[in-house]
Amino acid sequence: MAGRELVMETLRAQNARFSHEKVAASFKGWSRIMRYVFPDLGLSATIVVRDGVPSEPAEGGADAAEVSYEMSSDTFLAIARKELTGMQAYTRKLVKVKASMGDLLKLQRLDTL
């Protein structure tokens with residue numbers, strides 16, 4: 001099990017992908033509340049994306065999140081390190097996702113970086 005600080009640090013690092021030249025234009029105008037839940041750590045984190053720009057991750061869950069992920073901290077870090085793809089984690093039932101298909105397809109672009 002990974003620590004809370006490592007998970008929060010990784011979430012902050014992943015925010016930089018939104019501004020990457022390959023995908024930034026596709027997120028222009030996209031605003032969503034994203035929630036990450038890590039039951040093994042008792043941690044929920046929220047990132048608010050406004051016009052393609054994500055906020056710093058904040059501890060606490062947002063009830064009105066349009067995109068919600070639930071997974072163990074180890075699964076999250078394996079995805080972040082590209083040891084596991086999001087699709088592999090989903091098909092192995094290592095992650096629960098609640099989001100529209102359009103949002104999921106858009107967010108997949110971040111995985112190409």
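## The largest pocket

A pocket is an open set of grid points with protein on both sides within 12 Å along at least five of seven lines, and its lining residues have an atom within 4 Å of a point. In this predicted model, helix H5 gives the largest share of the lining of the largest pocket, five residues.

The largest pocket holds about 860 Å³ of space. Its lining counts 31 residues. Tyr69, Gly86, Met87, Gln108 and Asp111 lie nearest the centre. By class, the lining has 22 nonpolar, six polar and three charged residues. Several elements each supply at least two lining residues, among them helix H1 (4-15), strand S1 (32-38), strand S5 (67-71) and helix H5 (101-108). Helix H3 (73-80), helix H4 (86-91) and strand S6 (95-98) are also in this group.

## Leu107 in helix H5

Leu107 sits in helix H5. Leu107 counts as buried because its relative accessibility is 7%, and the cut-off for buried is under 20%.

Leu107 has contacts beyond its neighbours within four places in sequence. The partners are Phe18, Phe27, Trp30, Met34, Val67 and Tyr69. Take Phe18: it is 89 residues from Leu107 along the chain, yet their C-alpha atoms are separated by 9.4 Å.

## Helices H1 and H3

H1 and H3 pack at an angle of about 35°. Their axes are 11 Å apart. The crossing is left-handed.

H1 brings Leu6, Val7, Thr10, Leu11 and Gln14 to the contact. H3 brings Ser73, Phe76, Leu77 and Ala80. Six residues of this contact are nonpolar, three are polar and none is charged.

Key:
Residues numbered from 1 in each chain as written. Predicted model: local features only at pLDDT ≥ 70, side-chain atom pairs only at ≥ 80, totals over all residues. Heavy atoms only, no water. 1 Å grid on protein atoms, 1.4 Å probe; cavity = no way out; pocket = protein on both sides within 12 Å on 5 of 7 lines; lining within 4 Å. Points joined across faces, edges and corners; volume = space filled by probe spheres on them. Helix = DSSP H or I, 4+ residues; strand = E, 2+ residues; numbered from the N terminus. Nonpolar A, V, L, I, M, F, W, Y, C, P; charged D, E, K, R; others polar. Buried < 20%, exposed > 50% of the residue type's maximum accessible area, 1.4 Å probe, protein only. Contact = heavy atoms within 4.5 Å. Axes fitted to C-alpha atoms, helices over the stretch in contact; angles between N-to-C directions. Left-handed = near helix turned anticlockwise from the far one by under 90°.
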